[in-house]
Amino acid sequence: MDSIKKRIKGQLPLWVCDAYETVKLVPRFLWAEILEWKIGMQRVSFYADQETVDRIVKNGMSLSRFGDGEFRWMLEITDQSFQKCSVQLAQALIEAFQSKNPQLLVGIPLGLFDSTGCKLYVKIWWKIIKWDTFARLTQYIDYSKKYSNASITRPYIDYIDRDYSRQCFENIRRIWDGRYCIFVEGEQTKLGLGNDLFDNAKRIERILCPSENAFEKLEEIKDAIRTYARKDTLLLGALGPTASVLAAQMCAEGYQFVDIGHVDIEYTWYLSKAKRREPVAGKYVNECGRQVLPGDFENDEYKNSILTVVR
């Protein structure tokens with residue numbers, strides 16, 4: 001049945017598919033609007049994306065990001081995902097989210113409160129997420145602090161204006177400009193391969209981790225970081241909720257760890273002018289199924305950049 005639906009969608013104009021998906025959300029959106037009107041929610045303070053990058057670059061701060069996926073893991077909501085739910089994962093995420101470490105920036109999606117510039121479907125989606133999941137986590141919010149925008153690494157596919165996306169990518173590239181970086185990434189993530197996103201980094205090496213259920217190898221990943229990274233190394237993580245946890249825990253040990261998950265895929269979509277989330281050949285895209293399409297990035301430069309593989 002799913003394959004039939006996909007074939008039908010493939011024959012329809014994009015706007016028809018988008019309209020259909022948007023209309024399906026209307027009942028949940030209307031309920032969220034009622035809750036917004038009846039209950040309301042205290043607004044969270046945010047750093048502008050420029051400020052977030054300034055703090056990472058100038059103050060050596062780390063960044064732990066929490067999106068709708070992390071919210072579900074924190075609530076132990078079981079679904080078919082690349083990372084199994086567990087009490088341990090939920091607790092580790094809550095601890096990271098509540099960290100008082102002055103060197104750690106914590107990110108939540110700005111779209112929960114301000115979805116200006118987003119596509120209509122995305123505006124509706126964030127309103128639903130705000131009341132379906134985020135409202136159940138407000139006990140963990142510190143309203144006296146400022147949060148970063150977790151969507152800083154996702155500036156393209158949800159937005160209308162390509163010039164806005166270009167400016168966002170230019171801003172975030174400042175994080176690794178001239179830096180020696182170690183990527184802590186899924187084995188099939190292949191950050192930066194096939195594009196120029198990280199060409200301004202001084203040097204790139206990689207710690208490869210499981211593409212799925214990486215949290216079960218958390219201690220082994222931390223040991224690998226301690227073995228191969230100096231305290232002045234910039235650690236860039238693309239590892240789902242495990243990166244959110246690692247950012248907090250490695251920051252507590254004096255490392256700079258920035259969770260940049262999705263930025264490479266978003267940049268690839270930006271370059272190809274993609275209209276919706278779609279698979280990228282040779283790379284794991286968790287939002288487009290868990291099957292990696294054929295694509296060969298494993299040249300000598302890539303192979304030589306691998307420090308170790310955690311399995």
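The axis of a helix is here a line fitted to C-alpha atoms over the stretch in contact, and the angle between two helices runs from 0 to 180 degrees between their N-to-C directions. In this predicted model, helix α6 (residues 87-97) and helix α10 (residues 241-252) pack with their axes 9 Å apart, at an angle of about 50°. Two packed helices are described by the angle between their axes and the distance between the axes.

**Helix α6 with helix α10**

- With an angle of about 50°, α6 and α10 are therefore oblique to each other, and the crossing in which α6 passes α10 is left-handed.
- On the α6 side the contact involves Leu-89, Ala-92, Leu-93 and Ala-96, which meet Pro-241, Ser-244, Val-245 and Ala-248 of α10.
- Sorted by class, the residues of this contact between α6 and α10 are seven nonpolar and one polar, with no charged residues.

**Helix α9 with helix α10**

- Helix α10 also packs against helix α9 (residues 218-228), at an angle of about 50° and with the two axes 11 Å apart.
- The pair α9 and α10 is therefore oblique as well, while the crossing of α9 and α10 is right-handed.
- From α9, the residues Leu-218, Ile-221, Lys-222, Ile-225 and Arg-226 meet Thr-242, Val-245, Leu-246, Gln-249 and Met-250 from α10.
- The contact of α9 with α10 has, by class, six nonpolar, two polar and two charged residues.
- Val-245 of α10 is named in the contact with α6 and also in the contact with α9.

**Helix α3 with helix α7**

- Helix α3 (residues 26-38) and helix α7 (residues 120-132) have axes that come within 9 Å and cross at roughly 60°, which makes α3 oblique to α7.
- The crossing of α3 and α7 is left-handed, and the contact is made on the α3 side by Arg-28, Phe-29, Ala-32, Glu-33, Leu-35 and Glu-36.
- On the α7 side, the contact is made by Ile-124, Trp-125, Lys-127, Ile-128, Lys-130, Trp-131 and Asp-132.
- The residues where α3 meets α7 divide into seven nonpolar and six charged, with no polar residues among them.

**The second largest pocket**

- The second largest pocket holds about 360 Å³ of space, and of the 17 residues that line it, the closest to its centre are Gly-192, Leu-193, Ile-204, Arg-206 and Glu-301.
- By class, the lining of the second largest pocket is made up of seven nonpolar, six polar and four charged residues.

Definitions and conventions. Residues are numbered from 1 along each chain as its sequence is written. This is a predicted model: local features need pLDDT of at least 70, side-chain atom pairs count only at pLDDT 80 or more; totals for chains, interfaces and linings use all residues. Side-chain values use heavy atoms; hydrogens and water are left out. On a 1 Å grid over the protein atoms alone, a cavity is a set of points where a 1.4 Å probe fits but cannot get out, and a pocket is an open set with protein on both sides within 12 Å along at least five of seven lines; lining residues have an atom within 4 Å of a point. Grid points are joined across faces, edges and corners, and a volume is the space filled by probe spheres set on the points. Ala, Val, Leu, Ile, Met, Phe, Trp, Tyr, Cys and Pro count as nonpolar, Asp, Glu, Lys and Arg as charged, and the others, Gly among them, as polar. Helices (H or I, at least four residues) and strands (E, at least two) are DSSP runs, numbered from the N terminus. Angles under 35 degrees count as roughly parallel, over 145 as roughly antiparallel, 65 to 115 as roughly perpendicular and the rest as oblique. A crossing is left-handed if the near helix is turned anticlockwise from the far one by less than a right angle, and right-handed if clockwise. Contact means heavy atoms within 4.5 Å.
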